[in-house]
Amino acid sequence: MAKAIPSRSENYSEWYNELIKRADLAENSAVRGCMVIKPYGFSIWEKMQRALDDMFKETGHTNAYFPLFIPKSYLSKEASHVEGFAKECAVVTHYRLKNAEDGSGVIVDPEAKLEEELIVRPTSETVIWSTYKNWIQSYRDLPLLINQWANVVRWEMRTRIFLRTAEFLWQEGHTAHATAEEAEAETRQMLDVYATFAEEWMGVPVVRGAKTPSERFAGAVDTLCIEAMMQDGKALQAGTSHFLGQNFAKAFDVQFLNKQNQLEHVWGTSWGVSTRLMGALIMAHSDDDGLVLPPKLAPIQVVIVPIYRTDEQLDSISAKVKPLVQELKKAGISVKFDDSDANKPGWKFAEYELRGVPVRLAMGARDLENGTVEIARRDLKTKETVPFEGLTERIKALLDDIQASIYNKAKAFREANTFKVDTFEQFQEQIEKGGFILAHWDGTAETEDAIKEATKATIRCIPFDQEPEDGVDVFSGKPSNGRVLFARAY
């Protein structure tokens, strides 16, 4: 193998970038700010998609697809929405190219200018609510529970693979309801779906809470979020769910006849997670030797490496292992038997460790004689020799234990790096060390902005589980009735 990955303590950013490259997850594309997600990385994303899609369908949602292009006039209909996204929009102005007369290549045909420019979707509220106007007439049409898997474009100037790219993949849910109470319940339900996925599938503990008014989604009445802690102590917003009130319904005149035969505007929500979750997965668990993947999302959960000197030994090991492979597959475990002769076992061990395969089995001639196999777990880097018999049940239990262990380790790290502070001096000292800070806030945007300006820390959320507590704002000294969650963030 090539030289080691830079350590997290040495250079966290370089470690992250190099790990993505070396683990063959993704790479920068020829288009500035965009990424190519490679097969191994996309296999992880597919598992995320599958799990989330099942969870959406269990809560009554169905999938649909809406256009990539949005008429510019649509964005103008909801004032705060256009203000929030205007600086990130890619705009299509022409529909045709032609050859330059001097033979220098193709140019935009000036006669092919669109009557109205089209925006490459940064998010789909406007085009979807313009469609809902045709779908909703009566209370019988509600609730309308739609999800879309798609790509979006937000023209970011500073990009980082998975965390912030000009184009990324995501899902966006858009629902319409007869009452505010139903829409608010939907907003919270979908946040809970995201939190369950993050914790039970990704192994990432999250804080659930509400965004401050200045951090809300453009066009939303309220934004709920889940916040995760990365190993460098920074926060990463892992999912958001928005209560839209009647803002988009009024902007696009989406009305329905209620049970009293009266016309009223519907109530809306939107919610989404993106390939940013891939970045969270990497930064929450991985180490200086490579990826550490939770078994539920690992493309390969078990790899089996034969150790042999002769073709006869390989044949004997293969005869023993192949029934086990079929048994594991039948148990729903993804497994690879790597009997290729292109690389030595030591190289394979390091490569699968780099790729985060949760369980590795090794079998040599002596193991064959003794009816044993060496089993190694990626998260703890421990290994032991165990009987070959009963291996499937042992592996199933081990995968469950690894899944729980990864989550518990991340949760213990978060708890050890969450601090209550009561003075601005303490705040400034702690924020330089990283971690989550629970501090009193007076509820004003002015103080929020001042703290951000002074420390680069933002209010990540107002946690749902915070108890009311009288105190004073750490910056302004004004009265406060509770602590909020501050951190520097990606």
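I took a salt bridge to be a side-chain nitrogen of Lys or Arg within 4 Å of a carboxyl oxygen of Asp or Glu.

I worked on a predicted model, in which local features need pLDDT of at least 70, side-chain atom pairs count only at pLDDT 80 or more, and totals for chains, interfaces and linings use all residues. Residues are numbered from 1 along each chain as its sequence is written, and side-chain values use heavy atoms, with hydrogens and water left out.

Entry: salt bridges. I found 28 salt bridges in the structure. I looked up D289 and K381, whose side chains form one at 2.4 Å, N to O. This pair joins distant parts of the chain, 92 residues apart: D289 is in the loop between α8 (276-285) and β17 (302-306), and K381 is in the loop between β20 (372-377) and β21 (382-387). Helices here are DSSP runs (H or I, at least four residues), as are strands (E, at least two), numbered from the N terminus. I classed accessibility as buried (under 20% relative accessible area), exposed (over 50%) or partly exposed (in between), with a 1.4 Å probe and protein chains only. D289 is partly exposed because its relative accessible area is 35%; K381, at 41%, is also partly exposed.

I next noted E156 and R164, with their closest N and O atoms 3.3 Å apart in a salt bridge. E156 has 15% relative accessibility and therefore counts as buried, whereas R164, at 33%, counts as partly exposed.

I then examined E432 and R488, a salt bridge with closest N and O atoms 2.7 Å apart. E432 lies in helix α13 and R488 in the segment after β27 (483-487), so this pair ties together parts 56 residues apart in sequence.
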